[in-house]
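Please look over the sequence and the fold shown here before reading on.

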Amino acid sequence: MALGEADALGPEAEESRAQELDVIARGNALESFTESQEVRGLVGGLAAVCGDRTARETAVEKFIGEHGDRGLQWMMNLLLDIIRDSASPSELFHLAFKFLYIITKVRGYKRFLRLFPHEVGDLQPVLDMLVDQNPKDCETWETRYMLLLWLSMICLIPFDLARFDGNTVSEEGHARMPTMDRILKVAKCYLVVSDKARDAAAVLVSKFIVRPDVRQKRMADFLDWTLSMLSKSSFQTMEGTVVMNGMLQALAQLFKHGKREDCLPYAATVLECLDNCKLSESNQMVLRKLGMKLVQRLGLTFVKPKVAKWRYQRGCRSLAANLQAKGSVTQSQMINVAANEAEDEEAYDIPGEIENVVEQLLVGLKDKDTIVRWSAAKGIGRITGRLPKELADDVVGSLLDCFSFQETDNAWHGGCLALAELGRRGLLLPSRISDVVPVILKALTYDEKRGSCSVGSNVRDAACYVCWAFARAYDPSELIPFINQISSALVIAAVFDRDVNCRRAASGTFPHGIDILTAADYFAVGNRVNCYLTISVYIAGFPEYTQPMIDHLVNMKINHWDSVIRELSTKALHNLTPRAPEYMANVVLPRLLPLSVGTDLHTRHGAILACAEITHALCKLAEENNRSVTYYFNEKSLEGLKQIHQEVCRNCNLSFFCIYLFVKFIFTVCTLIEKLSLSKMPFRGDPIIEGWQWLINDSLRSLPLVSSTARQHIKESAVSALAALCNEYYINEKGEADPALQDELVTRYISGLQNTEEMIRCGFSLALGALPRFLLKGRLQQVLEGLKKATIISPEDVSFAQSRRDALIAIAKVCQTVGVKGEGSQEEYVCKDNVTQIYATLLNGVTDYTTDSRGDVGGWVRKAAMTSLMEVTLLLVQNEAELINANICKQIMCWLAQQAAEKIDKFRAHAGSVFLTLLHFDRPPVPHIPHREELERIFPRSETETLNWNASSEAFPRITQLLGLPTYQYYVLLGLSVSVGGLTETTLRYSAQSLFEYMKKIQNDSSDMESFCETLLKVFEDNLRNDRVSVPLLTMLDQMLANGCFDIFTIHPFPVKLFTLCKEEIKRSKDIRKLRSSIGVFCGLIQFEGDMREKVLFQLFLLLCHPFPVIRKTTASQVYEMLITYSDVVDPAIMDEVMTILSDTNWEAELPVVREKRNHLCDLMKVPKPQLVSKVKYGNVLLSFFLCNDQLCY
C-alpha cells in the first residue's frame, strides 16, 4: 500500500488495521506460549527422569519436534543452567547436552552456533569440561560434540589467549600448558575419533586457527601435522579412513574460513599432498566428497576473490526496478554496460595450479556418487567465476567433452549439473548456448539399458534443471532461436518420460505453458498411462508440439527396452493419429514398415504394434469422414502391412519361433491381425487370411510352451484376433458362413477341448466363446455339449481348473452371442430346450472346490461360474424372463449366498457383488428371487456400492441375517461353517461373532432353534468325511457348545444325533486336526445330562488310548478342563484322584502303561472299560477294536 493511500483511509481504517495486527500478535503469542509451556515442562523434569533409562528415552522422543526458532534462545538458557550447575549429576549433565544436540540436529549447527554464550569467562569452564570427557565413551558423544561447538564460538572473542595463562609455572613447579596449546591438543584429539565429535572438531579448527594470535604461532605447525597425518594414513584401512576424514574436514573448513592471504602460502603444498593421497581411487564416498570440497577451496585460494565482469547479467533482480524499466531496452543497455566493463578488465596471472584443480573437478564430475558430482559441479561454477573470459570458455569447452556417448551416465549427469551451475551464475555466455542446447536435448532423452534395468533418469532430471537454470538466467531474446527445440523436448519429457520424477521435473515454462500445465499438473503427470493416452492428445492440439511428439515416439519409444513403454507408445500413436493423419500416413507409416521386419527384436515388436494402431486409427478416421478405408493408404503401404506376418514367420524356423520368438511376437502379430481386421482392410479372399488363421490356431496350440506370465496375454490377443478376423472375412453377402469353413473351425475347436494339455483346452474354449453368431448357427448344441464336457471333473483332469474356468466363461459368451428366443431352435438360440442344461452346467461349476499345490484352484472355477450365471440370467431377464423358473432362481441365489459366507475374501466379495447385482437389477427385475423383501431390507439399494465384502467386519454381520430365512439357511450355514472353523484370525473372529449374535436372538424361540439345529445336523450329515467342511464344522460346533448356544436343550434328540455323527466322522480317521476338534465337541456334549454323559465319557476314554500320542495328550488335557468346568460329572469324593491321574500321567508313554491308567479312571468313574477284541493293520497304523455293551467300537 502506498503512503498516500494509507493517509486517505482515515482514522477508522487505521484503528481496524491496529486491531487486526493485535489479533495476529496475540495468536502468535498464544502459539508460542503453548509450545514453551510443554518444552519448559520437559526440561524442568529432566532431573526426575535422568536416572530411569525408559523415562529418559520417552522425554527425548517428546522433545523432538517441539521447538522452533522463536524459542531457541530460552531453551538453550534452560539447558545451560543445568549444565553449569555443579550439583547436577552426571546423567543429568549428559542428558542436557543430548537435548542441545537434538535442537542442533533439527535446526543445523550454523543457525544454533551463534546463540551460545561467548563471554571471556566461558572459556576456561568449557575447556575444562571438554578435557574431563572420555573420547572413547560411546554413550556421551553428544556432550563432546556440543562442547566442541561451544568452544568454537568462544574462540571468536577478540581477546589475547596469552592473558589466560598468567604464570606458566604451576604450584608444583612444572610448566603449565598454555591455553592455546590446550585448545589445539583437544582439537587434534577429536579430529581422529570416529564419532560425530570429529565434525565439531573441524569447525573448532576453522574458527581457532584463523585467530591472528594463533595464526602467527601455530598455523604452520598445525598444517604440517595435518599433512603428515594424511600422508601416513591409508583409505584402505578403517583407522586410516577415520583419520583422513578428520584431516580433510579440518583442511576444508580452514581454507573456507581463512583469509586468502593467510592460506595462499600453504595452498600449493596442501594440493600436492592431496594429489599424493589419490582419493579418486578410494571406495569411500565421504573421502572423495571431502577431497572434492578441499580441491575447489584450494582453487578459490589460488585465484583472487574477484567477481568476473564479463559474466552475463540479466538486467536488474529488483521487482520494483523491473516494473519501472521500459521493457527489454533497459535490460539490453545493462547487458551492454557489462560487456563494456569486460573490455576494461585488468589482466592478472593465473597460477599454474588452477589447471590441476580444474582437471580434478572435471574428473569429479564423472564420479560414481551423486554427492561427489554435485560438489564438483559447484566447484566448477565457483572457480570459473574468478577466471578470465578466455580461460572460462576453455573450461566450458572441456565440460562439453563430458557429453559423449563413450562416457558413462555419471559423466552426463555431472556435466548437466555443472552446466546448470554455470548458467545460474551467468558464466555461460550467450555465444555458447548454440553449443550447449544440442547437448541438453540429448540429455533430456538419455536412457541406456544396463542388464535388466536402465540408467539415465538422473541425467534427464539434471537436464530439466539445466533448462530451469537457463530460463532464469537469460533474457528471453537470447533463447528465442532455441525456444521451440527446448520447449518441445521438455513437453515430450513431461509426457513421455518413463520415470515420474523426470516427468514432474520437466513440467516447466514453455509456450502455451499455462494451458499445458493446467492439464499436465504435478499430480496428473504422476500417472504414466494418463500421460501417454490422455494428456499427450491435449498437448498435441498445439501445432508446434504435434510432429515432435510423434517423431519422439517413433524414434525413441517404440524401440524402448521396456515392453510396457513400447505398448503405451503405440497406443499413444493411435490417439495422436487424428491430429496429423497425413503425416502419419505419408511419413510415419512408410518409416515403420521396414522396421517391422528388421533384425532388432525391440524395434520389430514396437514397429508392428505401431503399424497396427496407426492403421486402425486412420481407417476409423476415414470411416468417420465417409471416405474409403484405403483413403490414406497407397498400394505399397497395403502390401507392406500384408507382408509383416509372412516376413516374421519366414525369418524364424518353427521350433525356434515357438520357443523364443513366439513369446515376443505372437501377441504382436495377433494384435496386428485384430487391428487390420477391425480396419476392414481389402484382403477378402486373399491367401494371407489363411496364414492369419493358421497363426491364431498355432498360437492356441502352443500355449503350453509359453511361460505362465505370458499365457494370458497371448490367449487374449489370439482370441480377440480370431473374433475380428471371423467377423470381417468369414461372412458372405447373405450374412452366413461358408459351411466347410464353419465345420472345420467348430470341429477343430471342439476336439481341442478334450486335449491332454490344459492350456490348449483353455485356448480353444475361449476361441469357441469368441466365434460370431453366423459361425455358431446350426452348431450351438454341439458347442454347448463340448464346453459342458470340458467343465466336468474326471480323475485324469482333476487339476485342470483353468480349462474349466475358461469353458464356463465361453458358455456365457456363446449365450450372449447367439441371443435368446424362447420358442427358437436349440441349434441357434438360447431357448426353453437348452436353458436348463446351460444352468445345470454353470451351477455345477459353483461346487468346484478342487485344491492342489497352488491352493484353492477351484475358486477360479467358482468365480467364473458366478460371473457366467449373472451374465446369462441378466441376458434372459432382458429378453425372455419367463425362461427362468423359480427353482433355477432359488438355486442361483442360494449358492451365491453360500459363497458370500465363505472364508476367502476375494471370492466372498465377488459372490456378494453378483448377489446384490441380481437382487437390485430392475430393467426388469429378476423374477422368483426368494424372500426379496427381506433381502432388500438387509441389503438396501443405497448400500450396494459402499458395502465392502472384502472386510469380514462388514460382510458377516449382513450375511448371517440370512440364517433367519428358511430358503437360505442351509447354504449360509454351510458357508459359515467353513469360515467360523477356519484359520484366518479376522475371518474367524467376525464370522463367529456374527453367528453367536444370531444364536442369542433365537435362544428363546424354540421353533427357530429347532429349525436351526435340524439344518445344522443336515449340513453335518451331508458332508460326512468331506474334510473341507467337516473339520471346520467340528471346530465351529466346539465353539458353539462352549458358548452355550444349545443350553435350552435339556432332553432333546439333537445332542444324541450330534454325538452319533461325530463318532461316524472320526471313525478310522488319521487326521490330527479332525480328531482334536472332535475331542472339543465330545467335551462340550458333557453338558447334556443322562445317558449322554456315559457315552461321551466312554468315547473320551477310548481316545485316551488312541494310537497317536498327541491325541492322548490332548484328550487328557481337555478332559481335565472339562471336569473343572462341569464339576457335577464326577463324585467329589474321587475328584482329586481323577484329576491327579489326568494331570500326572505321561499320556505319551507306551499304550499298555496308558491303558492301565485309563482303566483305573473307568473304574473310578463307573464307566464300562473298553475290551480289546482284535488288532488290524490299517495302512501304517495298528488299529484296536473294543467291545462295549455288546457293540463293536473304535
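In which hand, left or right, does α49 pass α50 in their crossing? This is a predicted model, and in it α49 passes α50 in a left-handed crossing.

## The pair α49 and α50

The axes of helix α49 (residues 1006-1022) and helix α50 (residues 1027-1042) come within 11 Å and cross at roughly 150°. Because angles over 145 degrees count as roughly antiparallel, α49 and α50 are roughly antiparallel to each other.

On the side of α49, the contact is made by Phe 1012, Leu 1016, Val 1019 and Phe 1020, while α50 contributes Leu 1033, Leu 1034, Met 1036, Leu 1037 and Met 1040. The residues of this contact of α49 with α50 comprise nine nonpolar, no polar and no charged.

## The pair α54 and α55

Helix α54 (residues 1109-1125) packs with helix α55 (residues 1132-1144) at an angle of about 155°, and their axes are 9 Å apart. These two helices, α54 and α55, are therefore roughly antiparallel to each other, and their crossing is left-handed.

Here Ala 1116, Val 1119, Tyr 1120, Leu 1123 and Ile 1124 of α54 meet Met 1135, Val 1138, Met 1139, Leu 1142 and Ser 1143 of α55.

The buried residues of α44 include Phe 907, Arg 908, His 910, Phe 915 and His 920. As a group, the buried residues of α44 pack against α42 (858-879), α43 (886-900), α45 (932-938), α46 (952-959) and α47 (966-980).

## Helix α18 and its surroundings

Helix α18 (residues 370-384), with 15 residues, reaches 21 Å from its first C-alpha to its last, close to the 21 Å expected at 1.5 Å a residue. Among the buried residues of α18 are Val 372, Arg 373, Ser 375, Ile 380 and Thr 384, and the buried residues of this helix pack against α14 (285-302), α17 (353-364), α19 (389-400), α20 (409-424) and α22 (457-473).

## Backbone details in the loops

Most residues other than glycine have a negative phi, and most peptide bonds are trans. A cis peptide bond, however, joins Arg 923 and Pro 924, with omega about -10°, and Pro 924 is placed in the loop between α44 and α45.

Asn 626, although it is not a glycine, has a positive phi of about 55°; Asn 626 lies in the loop between α31 (601-624) and α32 (635-651) and is exposed, with a relative accessible area of 73%. Arg 1068, a residue other than glycine, has a positive phi near 60°; Arg 1068 is placed in the loop between α51 (1053-1066) and α52 (1072-1084) and is partly exposed, with a relative accessible area of 43%.

## The chain as a whole

The chain contains 56 helices and five strands, and 52% of its 1194 residues count as buried. Among contacts in the chain between residues at least 6 apart in sequence, 70% join residues at least 24 apart.

Key
Residues numbered from 1 in each chain as written. Predicted model: local features only at pLDDT ≥ 70, side-chain atom pairs only at ≥ 80, totals over all residues. Heavy atoms only, no water. Buried < 20%, exposed > 50% of the residue type's maximum accessible area, 1.4 Å probe, protein only. Helix = DSSP H or I, 4+ residues; strand = E, 2+ residues; numbered from the N terminus. Contact = heavy atoms within 4.5 Å. Axes fitted to C-alpha atoms, helices over the stretch in contact; angles between N-to-C directions. Parallel < 35°, antiparallel > 145°, perpendicular 65-115°, else oblique. Left-handed = near helix turned anticlockwise from the far one by under 90°. Nonpolar A, V, L, I, M, F, W, Y, C, P; charged D, E, K, R; others polar. Expected span 1.5 Å × (residues − 1).
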